[in-house]
Amino acid sequence: MNANFAAIMPQVLAVWCEEEGHEVSYVCYTGFENLVNELPQNVDIVFIGAFTEAAQTAYALSNLFQSKGAVTVLGGPHARCYPQDAQKYFDYVVGFTNKSIIKEILQDCSSQKPIGLYLSANKQPESLPGIRERWKFIDKTLRKAPIIKMVPMIGSLGCPYTCSFCIDSVIPYQTLDFQVMKDDLSFLLTKFKRPMVGWHDPNFGVKFDDYMDAIEDAVPPNSIDFIAESSLSLLSEKHLQRLKRNGFGALLPGIESWYDLGNKSKTGQKQGMDKVKEVSEHVNMILRYTPYIQTNFVLGLDSDEGSEPFELTKRFVDLSPGAFPGYSLLTSFGQAAPLNLEYQRANRVLPFPFQFLNNNHAMNVKPMNYSWIEFYDNVIDLGKYTFSWKAIFNRLRANKTMIPKWMNVVRAISAEGFGRVKYNIEVRRLLSTDKQFRDYFEGETTELPQFYKDQIKKNLGTLWNWLPKEAIDHDPNAYLKSTFEVNEERAIAV
Ligand code: SF4
């Protein structure tokens, strides 16, 4: 499936670079290729887009390419979350990126060692090349997806909601050009008998009627399979009827918490079991209109205390057996969200290496209301309940169509379900038996436990030799310190 999750922005960059007259090689790393063999050899400049969990792979690649004389540029979520750290390993680090920033880098194209140059536009771009222009790069990526081929599209940026942990909560909502979107949808019908489109909008359907009008104008009803992440508050029965007519086959709403964020699930002030009942009814109604639903939760939020939030999620699993619950451990991604400043001020952010910051393999915020052992006991208990054979069977029975039925089974018994429970049991065991491991979680030592060191080396494979040794660690409070520097500069200016 990994090739189906390829990001849009590297494809956009490839188009922009070609428009500037450059010869471009585009490689989508899905986690299985031998990158050292697959990457082009004689390049002048390399752009890498990476999530934080891939940062160390990106740092090693940058080192490799710089050793051959290339200039390197980092963009994507990691560059936005940890610019100070990334500047140590790249010539350029880009935040909000538009075509003029890329042109500036291409024209300059010079080594910036020892500290890379940070560039950012003051907002996200107003337009992006559509599928038609990105097609040769999309096509190359989808060749790596043997069965399901999902084309990435985006119709909007930012989000009007304000979930405090989210990188999009501070980005003003804007739609992109609907005409490009319509053209792209009809173009796709010339490439596939029945295309599948994954919407990369942070929150799909905020301007619901505009979107649906555009889709209905462009293509016959139910001729494309769509997948989207959307808030429950946007998924009213009337909207679901229209989504069904237009082929929306999978929806991924965020519930996040039973005690917080009521606005996005439209449950207002309701909390606890009242919220569970209301959300369950809503989710079951969604399943009457769409074959697949994944409901997302964040575990370890400051609003949670004791075993009750976990017990409530178990009740939700009982009441909405057809939904696949996706659990994320609370993670503070550098300067992604203003809330992270509060965590850093309270000295609650731990220096887990980037590779583990994928919402599952480490929680880098010390929980407000739990000891680590208590927290992991609850997480393991919830995981075991959600991926018990009874729950797997109930999910199989509650879903009506074949692909969702079996996709849920596969997800439960693979690394995502069983695998994660096993991993958390090992973390829990080390917490109670290995003092140095426990001290790391308590912030009493910054010496990385061997358990994590071994995984970094194994996961990087041949790239391990190219990872600068100091790149295993990072400063978890760099965001807070950067605000001091800004304040100092202001004070000097005054
Ligand atoms: S609704 Fe989703 S995209 Fe919007 S701020 Fe909340 S978590 Fe982020």
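Biologist: Which residues does Glu278 touch, and what makes a contact?

Modeller: Glu278 touches Lys266, Thr267 and Lys270, leaving aside residues up to four places away in sequence. Contact means heavy atoms within 4.5 Å. The model is predicted: local features need pLDDT of at least 70, side-chain atom pairs count only at pLDDT 80 or more, and totals for chains, interfaces and linings use all residues. Residues are numbered from 1 along each chain as its sequence is written, and side-chain values use heavy atoms, with hydrogens and water left out.

Biologist: How many residues separate Glu278 and Lys266 along the chain?

Modeller: They are 12 residues apart, and their C-alpha atoms are separated by 9.5 Å.

Biologist: Why is Glu278 called partly exposed?

Modeller: Its relative accessibility is 28%. Buried means under 20% relative accessible area, exposed over 50%, and partly exposed in between (1.4 Å probe, protein chains only). The value falls in between, so Glu278 counts as partly exposed. Glu278 sits in helix 12 (residues 272–289). Helices (H or I, at least four residues) and strands (E, at least two) are DSSP runs, numbered from the N terminus.

Biologist: Is Gln355 buried or exposed, and how do you know?

Modeller: Gln355 has 11% relative accessibility, so it counts as buried. It belongs to the loop between helix 14 (339–345) and helix 15 (372–386). Gln355 touches Thr52, Glu53, Gln56, Gln455, Ile456, Asn459 and Leu460, again not counting residues up to four places away in sequence.

Biologist: What makes the pair Lys88 and Asp85 a salt bridge?

Modeller: Their side chains meet at 3.4 Å, N to O. A salt bridge is a side-chain nitrogen of Lys or Arg within 4 Å of a carboxyl oxygen of Asp or Glu. The pair meets that limit, so it qualifies. Asp85 is buried at 7%, whereas Lys88 is partly exposed at 44%. The structure holds 27 salt bridges.

Biologist: Which residues form a network of salt bridges with Arg315?

Modeller: Glu311, Lys314, Asp318 and Asp381 are linked with Arg315. Arg315 meets Glu311 at 3.7 Å, N to O, and Asp318 at 3.1 Å, N to O. Arg315 and Glu311 lie 4 residues apart in helix 13 (residues 308–319), about one turn of the helix.

Biologist: What makes Trp389, Ile413 and Phe418 a patch?

Modeller: They make a nonpolar surface patch of about 320 Å². Patches are made of residues with over 30% relative accessible area and no salt bridge; like charges are joined within 9 Å, nonpolar side chains (Val, Leu, Ile, Met, Phe, Trp, Tyr) within 5 Å. Accessible areas come from the Shrake-Rupley method with a 1.4 Å probe; for residues, only the protein chains shown count as cover.

Biologist: Which residues touch the most other members of the largest nonpolar core?

Modeller: Trp199, Phe248, Phe375 and Tyr452 do, in a core of 109 residues. A nonpolar core is a set of buried Ala, Val, Leu, Ile, Met, Phe, Trp, Tyr and Cys residues joined through side-chain atoms within 4.5 Å. Apart from this core lies another, of 21 residues, among them Ile45 and Leu128.

Biologist: Why is strand 13 called largely enclosed?

Modeller: Of its 6 residues (324–329), 5 are buried, so the rest of the structure largely encloses it. Strand 13 runs parallel to strand 12 (residues 292–299), joined by 6 bridges. Two strands pair if DSSP finds at least two bridges between them, so these strands pair.
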